[in-house]
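Here is a short briefing on one model and its ligand surroundings. Keep the structure open beside the text.

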Amino acid sequence: MSNIAKHVAIIMDGNGRWAQERGQKRVKGHEMGAEVVRNITTYCSDHKEIRRLTLYAFSTENWKRPRLEVEFLMQLLERYLKNELSEYLKNDVRFEPIGDLSRFSNSLQKTIHNIEEKTAHCDGLVQRLALNYGSQDEIVRAVNTLIDAGKSVTEESISEALDCTCEVDLLIRTGGDHRLSNFLLWQAAYAELFFTDTLWPDFTPEELEKIITSFMTVERRFGGLK
Ligand code: IPE
Ligand code: IPE
Ligand code: MG
């Protein structure tokens, strides 16, 4: 029996280096990266066994970057979401944000919620964008929600209170580094991890397909014996 990649999560890294290698500004890499988000989302929505695609777009630590880069990323996100609505609807993709959105501008929050509402009825792929997302922040918010509601803290109640409530099957990081950078630490407890040197703007559906094919034959034991 082969594994099914029901939930694929990707750390989309390497945009800045991609642009710098070409003598361009880092933000050009982010712009190209947004195109790849579209292609990979379409690939996943065409492969019905993939139910969820969670993409790391902006971390709780990325605010440390130069102000102009952060501002560009915010504008790019707003533009991307507005442009993407028709594509989401065409492909029956439901958009869901995860992360602490309260730090974004009112206008960006409004756009995010608007796209979320307009695609809420779609029942194909769920595309989750992790926005001002940090796994540690997510866990702390979840535990505080439980405490405030007077609920007991268990593995199950924490899982249910997280922004992202389902476990990851396949976690990919592009860009050559071998770390999780505070992404889905809880949900990736038994994820299969794949690292590629390919920079995100060069990542293709063909490479994703190769990774999925290799994932399918891994023996997943979840601590038991096979
Ligand atoms: C990932 O690419 C995108 C974001 C973190 C927003 P980077 O911007 O981290 O690109 P590199 O890693 O510096 O090349
Ligand atoms: C992780 O990439 C965050 C996103 C892809 C959004 P970073 O470039 O921020 O990670 P580090 O700093 O190399 O760990
Ligand atoms: Mg990076």
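The points below cover the two ligands and then selected residues.

This is a predicted model. Ligand 1 takes up the space of the largest pocket. Ligand 2 sits in the largest pocket. The protein buries 78% of the area that ligand 2 exposes when taken alone.

**Ligand 1: shell and contacts**

- The shell around ligand 1 includes a run of residues: Met12, Asp13, Gly14, Asn15, Gly16 and Arg17.
- Arg26, His30, Ala57, Asn62, Arg65 and Leu73 also surround ligand 1.
- By class, this shell holds three nonpolar, five polar and four charged residues.
- The side chain of Arg65 places an N or O atom 2.7 Å from an oxygen atom of ligand 1.
- Arg26 brings a polar side-chain atom to 2.9 Å from a ligand 1 oxygen.
- Gly16 uses its backbone: a polar backbone atom lies 3.0 Å from an oxygen atom of ligand 1.
- On its own, ligand 1 has 380 Å² of accessible area, and the protein covers 87% of it.
- Two elements, α1 (15-21) and α2 (26-46), each give two or more residues to the shell around ligand 1.
- The top contributor to that shell is α1, with three residues.

**Ligand 2: shell and contacts**

- Ile11, Met12, Asp13, Tyr56, Ala57 and Phe58 are among the residues surrounding ligand 2.
- Asn62, Arg65, Arg173, Arg179 and Ser181 complete the ligand 2 shell.
- The ligand 2 shell divides into five nonpolar, two polar and four charged residues.
- Strand β2 (residues 52-59) supplies the largest share of the ligand 2 shell, three residues.
- In the side chain of Ser181, an N or O atom is 2.6 Å from an oxygen atom of ligand 2.
- For Arg179, the distance from a side-chain N or O atom to an oxygen of ligand 2 is 2.7 Å.
- Asp13 has a polar side-chain atom 3.2 Å from an oxygen atom of ligand 2.
- Taken alone, ligand 2 exposes 390 Å².

**Residues listed for both ligands**

- Met12 and Asp13 are in the ligand 1 shell and also in the ligand 2 shell.
- Ala57, Asn62 and Arg65 likewise surround ligand 1 and ligand 2.

- Thr174 lies in the loop between β5 (170-173) and β6 (192-195).
- Thr174 counts as buried because its relative accessible area is 0%, under the 20% limit.
- A polar atom of the Thr174 side chain is 2.8 Å from the backbone oxygen of Asp13.
- Asp13 itself is in the shell of ligand 1 and in that of ligand 2.
- His7 belongs to strand β1 (residues 7-11).
- His7 is also buried, at a relative accessible area of 1%.
- The His7 side chain makes a polar contact of 2.7 Å with the side chain of Thr54.
- The His7 side chain also reaches the backbone oxygen of Glu167, at 3.0 Å.

- Leu184 has a positive phi, near 45 degrees, and is not a glycine.
- Leu184 lies in the loop between β5 and β6.
- Leu184 is buried, with 0% relative accessibility.
- Asp92, not a glycine either, has a positive phi of about 60 degrees.
- The loop that holds Asp92 runs between α3 (67-91) and β3 (94-98).
- Asp92 is partly exposed because its relative accessibility is 29%, between the limits of 20% and 50%.

**Helix residues and chain separation**

- Asn39 lies in helix α2.
- Its 42% relative accessibility makes Asn39 partly exposed.
- Asn39 and Phe203 are 164 residues apart along the chain, with their C-alpha atoms separated by 9.5 Å.
- Asn144 is found in helix α5 (residues 135-148).
- Asn144 is partly exposed, at 38% relative accessibility.
- Asn144 and Asn3 are 141 residues apart along the chain, with 35 Å between their C-alpha atoms.

Conventions: Residues are numbered from 1 along each chain as its sequence is written. Chains are lettered from A and ligands numbered from 1 in the order in which they are written. This is a predicted model: local features need pLDDT of at least 70, side-chain atom pairs count only at pLDDT 80 or more; totals for chains, interfaces and linings use all residues. Side-chain values use heavy atoms; hydrogens and water are left out. A residue is near a molecule or strand if one of its heavy atoms lies within 4 Å of it. A polar contact is a pair of N or O atoms within 3.5 Å; within protein, one must be able to donate a hydrogen and the other to accept it, and residues adjacent in sequence count only if both atoms are side-chain atoms. Accessible areas come from the Shrake-Rupley method with a 1.4 Å probe; for residues, only the protein chains shown count as cover. On a 1 Å grid over the protein atoms alone, a cavity is a set of points where a 1.4 Å probe fits but cannot get out, and a pocket is an open set with protein on both sides within 12 Å along at least five of seven lines; lining residues have an atom within 4 Å of a point. A molecule sits in a cavity or pocket if more than half of its atoms lie within 2 Å of its grid points. Helices (H or I, at least four residues) and strands (E, at least two) are DSSP runs, numbered from the N terminus. Ala, Val, Leu, Ile, Met, Phe, Trp, Tyr, Cys and Pro count as nonpolar, Asp, Glu, Lys and Arg as charged, and the others, Gly among them, as polar. Buried means under 20% relative accessible area, exposed over 50%, partly exposed in between (1.4 Å probe, protein chains only).
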